[in-house]
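Reader: Please take a close look at a single part of this model. I would like the local surroundings and the cut-offs behind each term.

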Amino acid sequence: MTRYAVDRIEEGFALLEVEKDGVCRMEKIRLEQSMTLLTGTHLSIAEIALRVGYSNDKSFRRAFKRHYDKTPTELRQASEKKENSKPE
């Protein structure tokens, strides 16, 4: 096995490590990407779930709620309300 292959394997395991808050780094990255898509696009929740790597929107919604204490829909609505209340 080459050094490059070993490095790639080690990087993969590092993404699966659980951080102090109990969330693995990979899930944290996925959820951060989903925040960008929720607030910056009109993609459906199901489409966002698939784009960030969840197998279905139900597991995405559960992970999102567990991490942010809000559903993706609640976050999107709050973001839209904030956008609409900005003075022009």
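Author: Helices are DSSP runs of H or I with at least four residues, strands are runs of E with at least two, and both are numbered from the N terminus. E27 sits in helix 2, residues 25-40. This is a predicted model, in which local features need pLDDT of at least 70 and side-chain atom pairs count only at pLDDT 80 or more, while totals for chains, interfaces and linings use all residues. Residues are numbered from 1 along each chain as its sequence is written, and side-chain values use heavy atoms, leaving out hydrogens and water.

E27 has a relative accessible area of 17%, so E27 is buried (under 20%; exposed is over 50%, partly exposed in between; 1.4 Å probe, protein chains only). Leaving aside residues up to four places away in sequence, E27 touches Y54, A63 and R66 (contact: heavy atoms within 4.5 Å). The side chains of E27 and R66 are joined by a polar contact of 3.0 Å (a pair of N or O atoms within 3.5 Å; within protein, one must be able to donate a hydrogen and the other to accept it, and residues adjacent in sequence count only if both atoms are side-chain atoms).

V52 lies in the loop between helix 3 (45-51) and helix 4. Beyond residues up to four places away in sequence, V52 touches R30, Q33, S34, L37 and F60.
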